[in-house]
Amino acid sequence: MTMFHFFNCAILTFGPHAVYNSATPLSEYDTLGTSVKAALVYLGTALVKLVCLATFLQVSENDGFDPYQELLKALIGFIDVAGLYFALTQLTHRNISQNHKFQAVGLGWAFADSVLHRLAPLWVGARGLEFTWDYILQGLEANANLVLSISLAALGSLIWLRKNKPKTLIPIIYACAGIVATMPSITSYLRRGLGWHFPKVVGFELFTSLVMAFISWQLFSACQRPYV
């Protein structure tokens with residue numbers, strides 16, 4: 001029963017990444033190499049973030065919300081944006097379109113995040129004798145992170161790769177990218193500042209990810225139209 005629960009949670013956490021890759025044209029254009037490169041960039045970015053967090057953040061004695069500490073975390077979190085910039089603009093990609101490039105990068109980015117932050121807790125906790133909903137919620141949170149990562153990659157591709165775009169949409173693109181990039185700080189405030197429980201936070205993340213995915217899709221479609 002414990003292994004069955006572990007496999008269910010693992011499929012919920014990592015399965016959508018494989019489904020997205022096979023259900024979209026990514027599998028037809030052999031973008032696996034791009035996703036692997038993006039995952040490696042994520043791991044390097046995570047290492048830099050870890051060093052910065054260990055250097056600049058103080059160990060808090062309580063679990064309350066500290067605005068100064070959270071502001072530092074948010075600023076350090078923008079290292080992810082720099083990593084995405086590198087993955088989208090500096091890595092060599094095979095002859096794939098901008099549309100497929102940002103999806104492959106976002107997919108690899110989200111998969112690496114799930115492996116780094118959720119695989120070990122799943123392996124240790126989901127095989128326990130006592131059933132808990134926490135790891136199912138973590139799987140749902142990984143799904144929200146997948147959508148948010150692809151949305152951020154889409155917005156990043158519009159910012160850095162799409163030169164000819166409507167000027168009226170530029171502030172909206174930057175605002176949406178800022179919201180997605182600061183989602184970890186937003187959810188941290190909901191948990192520690194407002195005292196939201198984990199299920200409520202995950203529900204917020206799922207809802208926000210769908211909204212940002214819809215907005216990103218609309219912005220990307222609008223920028224794909226001929227513009228003079």
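Reader: Which helices each supply at least two residues of the lining of the second largest pocket, and what makes a residue part of that lining?

Author: In this predicted model, helix 5, helix 6 and helix 9 (198-224) each supply at least two such residues. A residue counts as lining because it has an atom within 4 Å of a point of the pocket. Helix 9 gives the most, with six residues.

Reader: Which residues are closest to the centre of the second largest pocket, and what is its volume?

Author: The volume is about 290 Å³. Of the 15 lining residues, Tyr20, Phe102, Ile150, Ala213 and Trp217 are the closest to the centre.

Reader: How many residues of this lining are charged?

Author: The lining of the second largest pocket holds nine nonpolar, six polar and no charged residues.

Reader: How do you know what span is expected for helix 9?

Author: The expected span is 1.5 Å times one less than the number of residues. Helix 9 has 27 residues, and therefore 39 Å is expected; its reach from first C-alpha to last is 38 Å, close to that value.

Reader: What is the make-up of the lining of the largest pocket by class?

Author: That lining has 20 nonpolar, nine polar and 10 charged residues. Lys49, Asp80 and Asp113 are among those nearest the centre of the largest pocket, and its volume is about 1,200 Å³.

Methods:
Residues numbered from 1 in each chain as written. Predicted model: local features only at pLDDT ≥ 70, side-chain atom pairs only at ≥ 80, totals over all residues. Heavy atoms only, no water. 1 Å grid on protein atoms, 1.4 Å probe; cavity = no way out; pocket = protein on both sides within 12 Å on 5 of 7 lines; lining within 4 Å. Points joined across faces, edges and corners; volume = space filled by probe spheres on them. Nonpolar A, V, L, I, M, F, W, Y, C, P; charged D, E, K, R; others polar. Helix = DSSP H or I, 4+ residues; strand = E, 2+ residues; numbered from the N terminus.
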